[in-house]
Amino acid sequence: MDPATRRRRAALFLFFLIPGLSISSWVTRTPDIRDQLDVSTAQMGIVLFGLSVGSMIGILSSGTLVARFGTRPVMGVATLLVILSMAVIGGGTMLSSAPATTAGLFLFGAGMGGGEVAINIDGADVERITGRTVLPTLHGFFSLGTVVGAAFGILCTAVSWPVQWHLTAMAAVTAVMFAYAFRAIPHAVGKTRGDGSRPDAGAAPAEVRVWKDPRLLLIGGVILAMALAEGSANDWLPLLMVDGHGVDPALGSAVYTGFAAAMTIGRFAGGFFIDRLGRAPVVRASAICASLGIAAVVFADSAVLAGAAVLLWGMGASLGFPVTLSAAGDSGPDSAARVSLVAMIGYVAFLVGPPCLGFLGEHYGLRVAMIVVLAFTAVAIILAPAVGKRSATASPATESAARP
């Protein structure tokens, strides 16, 4: 690997780490945020709906923006929105203002929804250049960020440090990371449009073809299910343990940290199993593991058993996102458009789906709401062969033949 590519990969590690630190920082404080805003579970779902709206805008615009400008400016602006959102969420909580907190979550959703698609396209390009399994490790840094952020969040909760100062401090730390990483990202990656408003020749037909590719749509089904499993834990797990299993807020945050740690281990170890077993068996095993974990959390009345099952949930959900994106990238021509499409499906499930569970949770309880997630992960077991065949140990020549 040449030095420029090595620096680029290291920068992408930080671009994945930043949203992981950010999302776990406010997720671990959701019980405090809810109490300070003085809202019910359903009203908290409405607050989180700001995340959904921002996410949809970011997700739906990301592919077009990357095609027009390339990944670098999209990643830059989106990451800055994520950093800014921490300060806005903290300010809204300090003022006990649900609208301001909703606005902060809107900024977070727009930044994460728009930026993560671009970051994944850039990561898939690094995977193509190096011929190595890269995406699971990159996503591992997102999960590592959630572990570190959650651990710090638990500490802040335990000492009753105000939410606004906690989130403002996190914004400052991630801003320094961003300033360091942004310089190593090259220009024009993923760019398929010229300087004018009209796409370059052949770009539009390729975009149409990816929507019509049956295998790609099945891959999209897998990422939808597995991203929903990950996103629902990120948004609701502390409250699920507090309201559904009667644990105190600090312990609920600790359980979420266990989930994040299991995700991190699964992603950093995933390349080893993908190289030896291939993608489809790994994804199927992951979906089975996630289903078993979610089922135990939903149906077991023991808080101890539910807390232990969260580790299965996290381990199972860990590889769904990166492996399906890797499969999308080599499923046919125009890999950037394919990764963009599948990433958009995944981030719709990851960012938009969980807030909708809040409305079910208000009427039936969060444990019952998670049955919806369980049903999706069960479907992913059936769809897993769609991501298969190519092993991550394929030679660079084979990779080149499989990609445009």
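This is a predicted model: local features need pLDDT of at least 70, side-chain atom pairs count only at pLDDT 80 or more; totals for chains, interfaces and linings use all residues.
How do the axes of helix 4 and helix 7 cross, and within what distance do they come?

View 1. Residues are numbered from 1 along each chain as its sequence is written, and side-chain values use heavy atoms, with hydrogens and water left out. The axes of helix 4 (residues 71-94) and helix 7 (residues 163-181) come within 7 Å and cross at roughly 165 degrees. The two helices are therefore roughly antiparallel (an angle over 145 degrees, on a scale from 0 to 180 degrees between N-to-C directions). Helices are DSSP runs of H or I with at least four residues, numbered from the N terminus.

**View 2. Residues between helix 4 and helix 7.** Contact means heavy atoms within 4.5 Å. Residues of helix 4 including G76, L80, I83 and M94 meet residues of helix 7, among them V163, L167, A171 and F178. By class, this contact has 11 nonpolar, 8 polar and no charged residues; Gly counts as polar.

**View 3. M370 and its neighbours.** M370 touches S232, W236, L240, I294, V298, W313 and L357, not counting residues up to four places away in sequence.

**View 4. R7 in helix 1.** R7 lies in helix 1 (residues 3-27). Its relative accessibility is 52%, so R7 counts as exposed (over 50% relative accessible area, with a 1.4 Å probe and protein chains only). R7 and S40 are 33 residues apart in sequence and 46 Å apart in space, C-alpha to C-alpha.

Conventions: Angles under 35 degrees count as roughly parallel, over 145 as roughly antiparallel, 65 to 115 as roughly perpendicular and the rest as oblique. Buried means under 20% relative accessible area, exposed over 50%, partly exposed in between (1.4 Å probe, protein chains only).
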